[in-house]
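Me: I would like to go through this structure by asking what stands behind each label. Please set each value against its cut-off.

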Amino acid sequence: MTELENIKSARSQRMPREARRRQLLQAAHQVFVAHGYHGASMDEIAEVALVSKPVLYQHFPGKRELYLALLDSHLADFSRQLDEAIDSNTDNRQRVFATINAYYSYIKGESQAYRLIFESDVLSDALIAGRIEKFNNTLAASIARVVVQDTDLTEAEGLLAGRALAGLSQVSARYWASTDEVVDQATAVDLISRLAWRGISQFPKEN
């Protein structure tokens, strides 16, 4: 056994399982963001994590399972941030601002986790596509719940409006991030929020 392998083996023995799992997911995130799913390899992930491949396979039987675990973690984190934004205010105009701002903040984040959600190169995989679609549906339902309460829209119409608002937030935020933030975040969010609110506010609840 080489010196590097001895170091890896010692580290593997010392680290608790959950801590090791977090370490492996962090390494996988780095590699997947840099190379995409197809360009990533378990060899490189193990190397970045400073573990042997057997240790990596003890936690994740393959690259697909590792990607799914990482995607689940990112989707749960982003969903929590969006739920907090939606529930942060009882004024719907402020809710719209907070939700769009959450998108911009997430996409601006240094981790670039959004790339695994919105720019995945493996959407042909049914499990991966299904998880992302479930995330989009859940967000649309959360937005629809608020919209339907304060308008005369049906639940189906509210879901459509929710998907539209999420799409507007995502597409505009990704474009904004690609322009090196020529427009500052506060100005960009205010602009898109006013655009979205002018549409939503046209549906007052009938008495």
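Reply: Start with burial: a residue is buried under 20% relative accessible area, exposed over 50% and partly exposed in between, with a 1.4 Å probe and protein chains only. The model is predicted, so local features need pLDDT of at least 70 and side-chain atom pairs count only at pLDDT 80 or more, while totals for chains, interfaces and linings use all residues. Residues are numbered from 1 along each chain as its sequence is written, and side-chain values use heavy atoms, with hydrogens and water left out.

Me: Why is Tyr-67 called buried?

Reply: Tyr-67 has 1% relative accessibility, and the limit is under 20%. Tyr-67 therefore counts as buried.

Me: What makes Tyr-37 and Tyr-67 an aromatic pair, and of which kind?

Reply: Rings of Phe, Tyr and Trp (its six-membered ring) pair if their centres lie within 6.5 Å; planes under 30 degrees apart count as stacked, over 60 as edge-to-face and the rest as tilted. The structure holds nine aromatic pairs. In the pair of Tyr-37 and Tyr-67, the centres are 5.2 Å apart and the planes stand at 85°, which is edge-to-face. Tyr-37 sits in helix 2 and Tyr-67 in helix 5 (residues 63-86), 30 residues apart, and the pair links these distant parts of the chain. Tyr-37 has a relative accessible area of 12% and is therefore buried.

Me: Why is the pair of Phe-78 and Tyr-106 called stacked?

Reply: Their ring centres are 3.9 Å apart and their planes are at 10°, so the pair is stacked. Phe-78 belongs to helix 5 and Tyr-106 to helix 6 (residues 92-108), so the pair ties together parts 28 residues apart in sequence. Both Phe-78 and Tyr-106 are buried. Phe-78 and Tyr-106 also belong to one aromatic cluster with Tyr-103, Phe-118 and Phe-135.

Me: How do you know which elements the protein chain has?

Reply: Helices (H or I, at least four residues) and strands (E, at least two) are DSSP runs, numbered from the N terminus. By that rule the protein chain has 10 helices and zero strands.

Me: What makes helix 2 fall short of a straight helix?

Reply: The expected span is 1.5 Å times one less than the number of residues. Helix 2 (residues 17-39) has 23 residues, and a straight helix would reach 33 Å, but its end C-alpha atoms are only 27 Å apart. Helix 2 also bends by about 80° at Val-33; a bend is the angle between axes fitted to the seven residues ending at a position and the seven starting there. The buried residues of helix 2 include Leu-24, Phe-32 and Val-33.

Me: Why is Arg-21 called partly exposed, and what does it touch?

Reply: Arg-21 has a relative accessible area of 30%, and therefore it is partly exposed. Arg-21 lies in helix 2. Contact means heavy atoms within 4.5 Å. With neighbours within four places in sequence left aside, Arg-21 is in contact with His-59, Phe-60 and Ala-69.

Me: Is Arg-174 buried or partly exposed, and how do you know?

Reply: The relative accessible area of Arg-174 is 27%, so Arg-174 is partly exposed. Arg-174 is in helix 9 (residues 155-178). Not counting residues up to four places away in sequence, Arg-174 touches Ile-107, Tyr-114, Phe-118 and Glu-119.

Me: What makes Gly-162 count as buried?

Reply: Gly-162 has 0% relative accessibility, so it counts as buried. Gly-162 also lies in helix 9. Leaving aside neighbours within four places in sequence, Gly-162 is in contact with Ala-140 and Ile-143.

Me: How do you know where the prediction is least confident?

Reply: pLDDT is the predictor's confidence in each residue, from 0 to 100. The mean for the protein chain is 86, and 88% of its residues reach 70 or more. Confidence is lowest in helix 1 (residues 3-14), at a mean of 50, and highest in helix 3 (residues 42-49), at 95.
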